[in-house]
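How does one get from a value to a label?

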Amino acid sequence: MTTKMFGSPIKRVEDPRLLRGEGRYLDDLGHDSLIAAFVRSPHAHARIVDIDVTGALEVDGVVAVYTYDDLAEDAAATGSGVDKRLPLLIPHPALHAPRTGYPLAKDEVNHVGEAVVMVVARDRYVAEDACERIVVEYDFLPPVVGLDAAKAAENTVHEDVADNVAAHLVQEVGDVEAALATAPHTLTLDLHIERSASMPMEGKGVYAIWNGDEESLRVYSSTQAATSVRAAVAATLGMAQNKVECVAPDVGGGFGVKIVHPWPEEILVPWAARKLGEAGVAAEVKWTEDRREHFVSSAHERAQEQKVTVGFDDDGKLLAFDFTFWHDNGAYTPYGIIVPIVTSTQVLGPYKPGAYRCEFFSMYTNTVIVTPYRGAGRPQGCFAMERAMDAIAQYLGKDRTEVRSRNFIQPEEMPWDHQLTFQDGRPLVYDSGDYPASLEKIKALVGWDEFEKIRDEARAEGRKVGIGLATYVEGTGPGPYEGAHVIVETSGKVKAATGLTTQGQGHQTAFAQVVADELGVRVEDVEVTTGDTRRFRYAVGTFASRAAVMSGSAMHIAARKVREKALKIAAEALEVSVDDLELVDGVARVKGTPEGAVGASLPLSTIAVLSNPLRYAFDEASKAATQFAVGDVTKPPVAPGEEPGLEATGYHSPPRSTFASGMHAAVVETDPETAEIKILRYCVVHDCGHLINPRIVEGQIHGGVAQGVGGALYERMEYDEYGQLLNASYMDFLMPYVTEVPERIEIDHLETPSPLNPLGIKGAGEAGVIPSAALIASAIEDAEGFQIRSMPISPSELFHLREAHARGEVPAVARGGESNGRPGTKTRRKKEKETA
């Protein structure tokens with residue numbers, strides 16, 4: 001009997017191949033291809049005066065050298081758009097000054113690492129040697145580095161954007177000014193989150209093959225959006241989309257940086273392959289990013305300065321939440337303002353904020369572009385809200401969980417409309433959730449109510465320990481759509497395909513579980529393909545925790561169609577009602593029929609043959625069908641007008657995003673002498689609706705927690721005032737080893753199904769990383785007794801904060817009525833009266 005697969009924690013089917021070293025990543029392809037390398041700007045801001053490539057052309061093995069002038073010349077000759085600015089992927093009315101770069105810099109460079117010259121040679125060594133011989137003359141311009149410099153606007157990144165403001169947006173619900181004016185208490189917090197980056201182990205890479213006979217391109221890219229890369233290449237090079245294929249091979253991590261499309265190299269490498277192929281030189285070109293290139297020319301994220309003013313009553317209930325922040329978007333805005341929009345809406349978490357106002361400024365700086373990195377604006381929003389919640393609790397002398405509980409949206413209030421617009425352009429409406437239940441689970445899991453005893457025991461031993469809590473709500477599964485195709489082969493094996501790509505999420509397993517359940521087959525008999533436009537031509541991409549919600553639902557819809565068709569064909573052949581049949585163990589059989597009974601079942605392999613009645617013979621005795629060149633069709637199993645083949649395509653297009661949620665708690669120890677920070681316990685309660693595969697979900701949480709710990713304690717991009725990245729290598733950019741990640745991550749699940757998709761699921765990909773900075777700050781603050789307002793935090797920074805606190809420069813954490821932040825006017829007057 002086929003076991004129900006949905007909800008089973010089976011092992012991932014894709015892992016054995018990868019563990020045996022049989023993965024096929026971008027650089028495993030195209031060993032005989034020409035290789036590209038780039039001259040990149042060493043300056044953060046400069047005009048390009050002259051480029052001398054003479055020395056490179058003299059290097060043996062160099063095939064071609066290209067500058068922007070070559071792109072312009074080709075565009076004039078062929079009508080391509082290769083000389084145009086890269087596209088703005090997500091426009092927004094508030095993005096009043098969008099700027100994108102060129103595939104190769106034209107006239108000006110705006111960050112260290114911007115591509116200026118492309119060299120194509122017989123191998124990487126030759127290409128790099130040639131790059132070193134190219135002389136670029138620059139006229140230096142003053143760089144704008146960091147948000148303080150951007151806000152001051154003494155210098156500008158783009159000459160025509162005088163204030164360095166790319167976008168300005170205000171969203172407001174209710175009268176915040178009035179609510180703050182009448183609130184019994186107000187607090188203001190100034191917060192800071194540093195710039196970081198995702199750092200997948202495999203950088204970007206592109207490999208393109210030009211087919212001169214068919215005048216077509218096949219592009220392999222380490223991307224999170226194969227169909228979008230295909231569309232961008234076709235449009236830019238002036239080719240029909242059916243003449244361009246894009247395949248994402250095995251991808252060694254993405255975390256958001258590979259969702260941007262097209263990267264300059266995704267245009268330049270296919271363009272060079274076509275140009276050189278048409279010239280009869282060669283038809284294959286490849287480029288793989290080295291680690292320094294990834295640091296200085298891919299995308300970063302996270303950096304924000306925030307100001308939060310909250311109004312609340314004596315019970316800690318929010319009456320007003322006024323949130324202003326400044327977001328560093330780097331030199332260009334190819335991905336629009338998705339990150340600050342997410343921050344501005346996801347800051348609300350599981351709470352009813354009272355009157356709410358958010359104003360943000362997205363600022364240009366002469367640094368690497370900022371696009372979504374796992375969490376994508378949510379960690380910053382969570383940091384703002386959860387720091388405010390802790391501050392309110394400390395000011396009122398209340399338990400931190402009590403204040404949160406006072407402000408939760410209740411289960412019976414779902415769906416909850418925040419009356420705002422989310423990143424997908426749809427209303428910000430929470431579909432389901434039970435936040436009080438999650439809070440009770442996390443308190444029980446971490447032992448919240450018993451912690452004071454642990455603190456006392458540690459204090460007696462001369463140790464400092466603290467406990468922290470952070471909550472979040474995560475918008476997942478945004479549209480507009482994803483699709484899937486499912487086909488049963490005449491062998492009885494099932495092949496399923498979807499257009500979005502995979503970077504280690506376990507799609508081959510989870511999607512196979514969905515399909516296997518619908519068709520009554522073994523997971524081992526379902527082969528899943530992702531990210532290959534030859535198999536599925538339309539998709540949006542892998543980002544925003546949307547793969548399971550979107551493509552999982554599409555797989556379910558497509559497989560359900562195949563199931564219905566299979567049962568209909570089997571019913572005709574067996575002369576029974578469809579309602580009397582079931583699919584079990586790859587066989588359509590009459591319900592209740594003993595296993596092995598003759599004449600009461602048909603295998604899917606036979607039904608697949610019957611679904612394509614070219615001409616066939618049907619053996620009544622064995623109920624087996626065989627295709628022949630000639631034969632007598634006496635009883636067609638496929639009705640007139642019905643498509644042949646046991647296959648179907650399904651699409652899922654939701655009305656809006658679905659909202660997962662969770663709560664993390666941690667216990668930390670801070671060394672009294674060295675200020676080293678050690679995580680003793682890390683607990684997670686997560687609600688992503690129904691779980692397709694709990695093992696995969698927990699793996700996602702583990703990975704997210706690891707990145708969250710990195711973002712809270714280690715990872716930051718250190719720029720100097722000249723726009724030079726000082727730690728652009730793994731020698732200097734700190735990432736947590738396994739020794740820094742909690743040895744055991746304790747996980748509990750809550751399942752509140754989503755009503756917005758047929759599986760009742762929500763996304764889980766970013767859950768582990770979202771609350772980490774807020775959580776660790778809360779726990780350190782609890783251990784040390786003074787305020788933590790900036791993350792990440794290192795031992796040396798904590799040590800200096802201790803010294804500053806001893807001098808009275810860092811306020812203490814309030815316990816029982818002292819302000820943890822700057823009291824607002826009404827609060828100060830109330831305290832003055834009490835003193836009098």
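The questions below go through some labels for this predicted model.

Q: Why is R20 called exposed?
A: R20 has 54% relative accessibility. Exposed means over 50%. R20 therefore counts as exposed.

Q: Why is E22 called partly exposed?
A: The value for E22 is 41%. Buried needs under 20%, exposed needs over 50%, and partly exposed lies in between. So E22 counts as partly exposed.

Q: What makes R20 and E22 a salt bridge?
A: Their side chains meet at 3.1 Å, N to O. The cut-off is 4 Å, from a Lys or Arg side-chain nitrogen to an Asp or Glu carboxyl oxygen. The pair therefore qualifies. The structure holds 55 salt bridges.

Q: Why are E781 and R387 called buried?
A: E781 has 0% relative accessibility. R387 also has a relative accessible area of 0%. Buried means under 20%, so both labels follow.

Q: What joins the side chains of E781 and R387?
A: A salt bridge does, at 2.7 Å, N to O. The pair links distant parts of the chain. E781 is in helix 19 and R387 is in helix 11, 394 residues apart.

Q: Why are D456 and R459 separated by about one helical turn?
A: They are three residues apart in helix 14, so about one turn lies between them. D456, at 42%, is partly exposed.

Q: Why is R563 called partly exposed?
A: R563 has 22% relative accessibility. Buried would need under 20%, so R563 counts as partly exposed. R563 is found in helix 16. R563 touches E518, L519 and L583, not counting residues up to four places away in sequence.

Q: How do you know that domain 1 and domain 2 touch?
A: Contact means heavy atoms within 4.5 Å. By that rule, 22 residues of domain 1 are in contact with 18 residues of domain 2.

Q: What area do domain 1 and domain 2 bury between them?
A: The size of an interface is often given as the accessible area lost when the parts come together. Here that is about 1400 Å², 63% of it on carbon and sulfur atoms.

Q: How many salt bridges cross the interface of domain 1 and domain 2?
A: The rule finds zero. Eight residue pairs are in polar contact there.

Conventions:
Residues numbered from 1 in each chain as written. Predicted model: local features only at pLDDT ≥ 70, side-chain atom pairs only at ≥ 80, totals over all residues. Heavy atoms only, no water. Buried area = accessible area lost by both parts, 1.4 Å probe. Polar contact = N/O pair within 3.5 Å; in protein donor to acceptor, adjacent residues only side chain to side chain. Helix = DSSP H or I, 4+ residues; strand = E, 2+ residues; numbered from the N terminus. Buried < 20%, exposed > 50% of the residue type's maximum accessible area, 1.4 Å probe, protein only.
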